[in-house]
Amino acid sequence: ALAYAFPYDAVVKNVMQNYAAQSKGPIPIGMIGYFEDMPHYTYNLTKAKELLEKAGYPKGGFTIILTYTSGDQLEKQVAELYKAELEKLGITLDIREMTTKAKYSLARGDPKEAQHILLFYWWPTYITPYDFLYSLFHSEEKVIFNFAYYYNSTYDNLIDTASRLEGTDLNKALQLYRKAQEQVIRDCTA
């Protein structure tokens, strides 16, 4: 429901001034492992309301905490747009401006006390889908960047195998990366 409430087009047009595109998975446009036809969420408040009702929250009635980086006006604008959409569903978005260190400390602490949404930037250390998919979603005993606290051994196996195949069978590796991204999207992890 929360994914369907996000104003993707408004962020691209009004915040990013059309210098961005909606993500279709965690891998960015232009990098191997990006698939234009990847399933993705779109803004659909009707669908969001249906899902909230199905989950037992027909009028919302809960609060979500979102943190963004101090001084980052783009992140702040994204948060404010999202807040306005969530209000239409009866959901309160508690927006908190924090230093990067404070945001990460909160996220790396007790997941029950952490923010629900953390805005931050990611760029690859190495130009490989594995860098994004491992760092952001691979199971971790101690959280480093998997701020979704995603633990899925099937997913882990897909990307670990794909990484080993990148140099010898890129097509097979890309198939596995696609399956892994589809899993993350189905689980609404990102």
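Reader: Is Leu 176 buried or exposed?

Author: Good place to begin! We read this from relative accessibility, and buried means under 20%. In this predicted model, Leu 176 has 9% relative accessibility, so Leu 176 counts as buried.

Reader: Where is Leu 176 found, and which residues is Leu 176 in contact with, leaving aside its neighbours within four places in sequence?

Author: Leu 176 is found in helix H7, which covers residues 170-186. With those neighbours left aside, its contacts are Leu 158, Thr 161, Ala 162 and Leu 165.

Reader: Now for helix pairs. How do the axes of H5 and H6 cross?

Author: Here we compare directions, and an angle over 145 degrees counts as roughly antiparallel. The axes of helix H5 (residues 129-137) and helix H6 (residues 153-165) cross at roughly 150° and come within 10 Å. H5 and H6 are therefore roughly antiparallel to each other. The crossing in which H5 passes H6 is left-handed.

Reader: Which residues make that contact?

Author: From H5 come Tyr 130, Leu 133, Tyr 134 and Phe 137, while H6 brings Tyr 155, Asp 156, Ile 159, Asp 160 and Ser 163. Sorted by class, that contact has 6 nonpolar, 1 polar and 2 charged residues.

Reader: What about the sheet: in what order do the strands come?

Author: Follow the pairing from strand to strand. The 3 strands form an open sheet with parallel pairing, in the order S2-S1-S3. Strand S2 (92-98) and strand S3 (117-118) are the edge strands, each pairing on one side only. Strand S1 (residues 63-69) runs parallel to S3 and is joined to S3 by 2 bridges. Look for Thr 67, which stands opposite Leu 118 in S3.

Reader: Which helices pack on the sheet?

Author: Helix H3 (residues 73-87) packs on the sheet and touches S1, S2 and S3; the direction of H3 makes about 170° with that of S2. Helix H4 (residues 100-108) also packs there, touching S1, S2 and S3, and the direction of H4 makes about 140° with that of S1.

Key: Residues numbered from 1 in each chain as written. Predicted model: local features only at pLDDT ≥ 70, side-chain atom pairs only at ≥ 80, totals over all residues. Heavy atoms only, no water. Pairing = 2+ DSSP bridges. Helix = DSSP H or I, 4+ residues; strand = E, 2+ residues; numbered from the N terminus. Contact = heavy atoms within 4.5 Å. Axes fitted to C-alpha atoms, helices over the stretch in contact; angles between N-to-C directions. Parallel < 35°, antiparallel > 145°, perpendicular 65-115°, else oblique. Left-handed = near helix turned anticlockwise from the far one by under 90°. Nonpolar A, V, L, I, M, F, W, Y, C, P; charged D, E, K, R; others polar. Buried < 20%, exposed > 50% of the residue type's maximum accessible area, 1.4 Å probe, protein only.
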